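Subject: A structure for you to look at

Hello,

Here is the structure I promised to pass on. Have a look at it first, and then read on for my notes.

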Amino acid sequence: MDNSHPKIPIVFATDHNFVVPTTVAIMSLLKNSENCGYEIFIIVSDNVTDNDKRILEAQVCPQNKVSSHSITFLNAGEEFKEAYETRGVSNACYYRLMIPWLLPQFDKVIYSDSDVVFKGSLNDIFNHDLKGSLVAGVTGKIWSKPLLKRYLNRRGLSEKEYINSGFLLINSSLQRELNLKDEYLRHSGKKYVYQDQDIINIVCKGKIAHLPGEYNVKPKQTQSLYPGSVKILHFIGQKPWESHSPGSGEWWEYYKGSAAFNQDFYNQHKRHGNSLKKLEILFKRKIEKLRLATNLVRSR
């Protein structure tokens, strides 16, 4: 890495249950860093253990090796203890809203979910000109589906402007200047189906920029929409560590080389890739989808 360039600040958020996916995401990020150095910040829940932290540290700064990257753990605080939870998504999803205030030293920060595989450097996207926007993310055609479209429209949102909160370029300085923290907290108790994502789109409405679609791609989209240009695979819905799904092989390849690798867990995956356990997981996800549809209808 060219040390004359500052490191790119990137934030993840995790609880104990998501430490392995977070480690794998970081593994893929650093493997594809090219000439980038990263300042990695991880917002952790109370249930993240010291051993969890050691695994994450080992991924970023291996023992006896010089690293171009750094890692810092941040405490989530108490603001979202009573925030609305739904769809099996914990209140850890709200942590990204506090990034401008948790990291006041930065004017601009990248946030990423942990259920991703990075396939390229983030240098170009970090240098994207926000031009007065509060945040930038990727939109998607899924929001044009009638039920989802109605859900957004009832909240004064446009399906053409609505962004996914799984990968964000945050204009931290402008958010602090406008004191959006109070607005975020005010909305956190409301029963939004898409929680933090809805809040970001509501609070930042009119000042949201769009990033190229290849920075937030569901595995099923890779061949048809972004052949050869995918920057980030985002495992929305089915998770590769739970069942076989599109793109799961790539995730497992990174897992095998990560600091979180466990031979027994890997062997179990190989034995049960098409087993009853997979069917149980798929059944649970079907129930989640039914529950989501019910929530969307109730929120009319």
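Is Phe261 buried, partly exposed or exposed? Phe261 counts as partly exposed, because its relative accessibility is 29%. Please keep in mind that this is a predicted model.

Now to the aromatic rings. The count comes to 14 aromatic pairs. One of them joins Trp251 and Trp252: their ring centres are 5.1 Å apart and their planes stand at 85°, so this pair is edge-to-face. Trp251 is buried, with a relative accessibility of 0%, and Trp252 is buried as well, at 3%.

Phe261 comes back here with a partner, Tyr266. The centres of these two rings lie 5.9 Å apart with the planes at 55°, so the pair is tilted. That angle falls between the cut-offs of 30 degrees for stacked and 60 for edge-to-face.

Lys53 lies over the face of Phe73, 5.6 Å from the ring centre. Lys108 has its charged end over the ring of Phe126, at 5.0 Å from the centre.

Lastly, the cysteines. How many disulfides does the structure hold? The number is 0. Cys36 is buried, with a relative accessible area of 6%, whereas Cys61 is partly exposed at 34%.

Terms used: Residues numbered from 1 in each chain as written. Predicted model: local features only at pLDDT ≥ 70, side-chain atom pairs only at ≥ 80, totals over all residues. Heavy atoms only, no water. Disulfide = S-S within 2.5 Å. Buried < 20%, exposed > 50% of the residue type's maximum accessible area, 1.4 Å probe, protein only. Phe/Tyr/Trp six-rings, centres within 6.5 Å; stacked < 30°, edge-to-face > 60°. Lys NZ or Arg CZ within 6 Å of the ring centre and 35° of its normal.
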